[in-house]
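This briefing goes through side-chain contacts in one protein model. Please keep the sequence and the structure open while reading.

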Amino acid sequence: MIYWQLFVTYFKIGLFGFGGGYAMLSLIQHEVVESRQWVSNTEFTDIVAISQMTPGPIGINSATYIGYVATHNVWGSVVATVAVCLPSFILVLSIARVYRKFYSNPQLGYAFQVLRPVTVGLIAAAALLLMNKENFTDYKSLIIFGSSFALTKYAKIHPILMIVLAGISGLLLY
């Protein structure tokens, strides 16, 4: 039964998670923390952090990890990962066929322009979701966040180096 629940949940996430992994985070959090209670809010925050640091899309990485946590074996990971990828695979194949027929239609271009601000809004919702008391428990977290943001934006430090520096800062401060 848990495998079917994982499949349906992650298929739905994959189907309605427009805008990529960060845009999916609020939907994933709602499904796996609030509705299904497979992980706690603190565990979810840790999963997001680990999924950001590992290679691959964050939605797929989190599906793999949560599938394992929910079932305590690798088959849960496989089911959740396949389920989150399957809608995109089906939709891309379908859209490619339609797009080849109608690529010069201006209304199709307008439809893509309308989806852009929606995607930005979903990513902003994911950022706000991660700004919770588990992530910002004291001034040290705010210092690491603010410094990381400023150094990445203004000093143009590479994001991977920034992740390593933030990790070292966390080790030293905590």
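## Aromatic pairs, salt bridge and core

A search of the whole structure, which is a predicted model, finds two aromatic pairs.

- Trp4 and Phe7 lie three residues apart in helix α1, so about one helical turn separates them.
- Phe7 also pairs with Phe11; these rings are stacked too, at 5.8 Å centre to centre and 20° between the planes.
- Phe7 and Phe11 are both in helix α1, and the four residues from one to the other make about one turn of the helix.
- Through these ring pairs, Trp4, Phe7 and Phe11 are linked into a cluster.
- Trp4 counts as exposed, at 55% relative accessibility.
- Phe7 is partly exposed, with a relative accessible area of 25%, and Phe11 is also partly exposed, at 26% relative accessibility.

- Side chains of opposite charge can pair when their charged atoms come close.
- Here the side chains of Lys12 and Glu31 meet in a salt bridge, with 3.0 Å from N to O.
- Lys12 belongs to helix α1 and Glu31 to helix α2, so the pair ties together parts that lie 19 residues apart in sequence.
- Glu31 is buried, because its relative accessible area of 6% falls under the 20% limit.
- Lys12 counts as partly exposed, at 33% relative accessibility.

- In soluble globular proteins, nonpolar side chains tend to be buried together.
- Which residues does Ile66 touch, leaving aside residues up to four places away in sequence? They are Tyr10, Ile28, Val32, Trp38, Phe44 and Ile47.

Methods: Residues numbered from 1 in each chain as written. Predicted model: local features only at pLDDT ≥ 70, side-chain atom pairs only at ≥ 80, totals over all residues. Heavy atoms only, no water. Contact = heavy atoms within 4.5 Å. Salt bridge = Lys/Arg side-chain N within 4 Å of Asp/Glu carboxyl O. Helix = DSSP H or I, 4+ residues; strand = E, 2+ residues; numbered from the N terminus. Buried < 20%, exposed > 50% of the residue type's maximum accessible area, 1.4 Å probe, protein only. Phe/Tyr/Trp six-rings, centres within 6.5 Å; stacked < 30°, edge-to-face > 60°.
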